[in-house]
Amino acid sequence: MLDVASWTTRLAGPARQVAGIAGPVVFTGAWIVSSLRQTGYPAAEIQLSGLAAPDARDPWIMVAGFVVLGGCTVAFGAALHDALGRSSGAGPAPRLIQGAGLLTIAAGLLRRDRMLLTPGSVSWHNHAHDVISLVIYADLVAAQVLLAERFAREAGGLDPDWRSWRPWLLASGLATGAALAAFAAQTSASGAGVLQRIAVTIPLAAVAAVAVRLLRTPARSGWP
């Protein structure tokens with residue numbers, strides 16, 4: 001794995017938990033600002049990957065958003081893994097979250113060739129970006145569902161308040177999957193950018209909500 005996976009384990013627990021909030025906030029702010037700066041286009045018409053393309057206006061804003069979100073997601077995944085009991089007790093969700101973080105960094109660096117989806121040949125890194133994006137989408141849906149199942153476990157006397165998160169995370173996972181399916185069915189349509197933003201925002205909001213709750217949870221209360 002990239003070095004980012006190792007240095008995040010050396011961050012203090014609260015810093016890694018805050019990363020679960022900072023990453024989504026920075027990424028969302030990046031695509032809002034970048035969308036508004038593409039003069040001549042409706043704010044939601046251009047897909048998020050296109051905002052980082054070389055022919056976009058100030059693509060560094062979106063590239064930075066990808067990289068910051070990825071690093072923060074890796075850090076938060078490590079905090080969640082520790083909080084849920086480490087080893088097999090944590091389940092696969094925290095590692096899936098970390099994997100999504102690493103892939104997000106890769107997606108930001110392996111940029112799409114052009115801002116708009118147009119016919120014609122594309123570079124290898126454009127292809128790589130598309131494949132990585134598909135994996136990230138699937139990862140985010142799976143992570144929410146598996147985290148919901150982890151919160152439902154009785155192991156270690158999990159706080160009932162955390163078990164109540166299960167239906168919400170299942171709902172957000174299903175909503176993410178539905179939005180992604182709708183987006184995939186019409187990637188070239190005028191409203192595709194809106195669907196993509198919805199599909200991305202739902203899991204990021206779920207991660208941020210869990211991070212806020214984790215920050216408010218006493219170190220020896222509510223976790224196995």
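Colleague: How do the residues of the lining of the largest pocket divide into nonpolar, polar and charged?

Modeller: Classes first. Ala, Val, Leu, Ile, Met, Phe, Trp, Tyr, Cys and Pro count as nonpolar; Asp, Glu, Lys and Arg are charged; the others, Gly among them, are polar. Here the lining has eight nonpolar, nine polar and four charged residues. One caution: this is a predicted model, where local features need pLDDT of at least 70, side-chain atom pairs count only at pLDDT 80 or more, and totals for chains, interfaces and linings use all residues. Residues are numbered from 1 along each chain as its sequence is written, and side-chain values use heavy atoms, without hydrogens and water.

Colleague: What is a pocket, and what volume does the largest pocket have?

Modeller: On a 1 Å grid over the protein atoms alone, a pocket is an open set of points where a 1.4 Å probe fits, with protein on both sides within 12 Å along at least five of seven lines. Lining residues have an atom within 4 Å of a point. Points are joined across faces, edges and corners, and the volume is the space filled by probe spheres set on them. The largest pocket comes to about 420 Å³. Its lining holds 21 residues, with Gln47, Arg112, Leu117, Asp130 and Thr187 nearest the centre. Two or more lining residues come from each of α5 (124-151) and α7 (166-185). The top contributor is α5, with seven.

Colleague: How many helices and strands does the protein have?

Modeller: Both are DSSP runs, numbered from the N terminus: helices are H or I with at least four residues, strands E with at least two. The protein has eight helices and zero strands.

Colleague: Is threonine 104 buried or exposed?

Modeller: Buried means under 20% relative accessible area, exposed over 50%, partly exposed in between (1.4 Å probe, protein chains only). Threonine 104 has 8% relative accessibility, so it counts as buried. It sits in helix α4 (residues 93-109). Contact means heavy atoms within 4.5 Å. Leaving aside residues up to four places away in sequence, threonine 104 touches Phe66, Leu69, Gly70 and Ile136. Across the protein, buried residues make up 47% of the 224.
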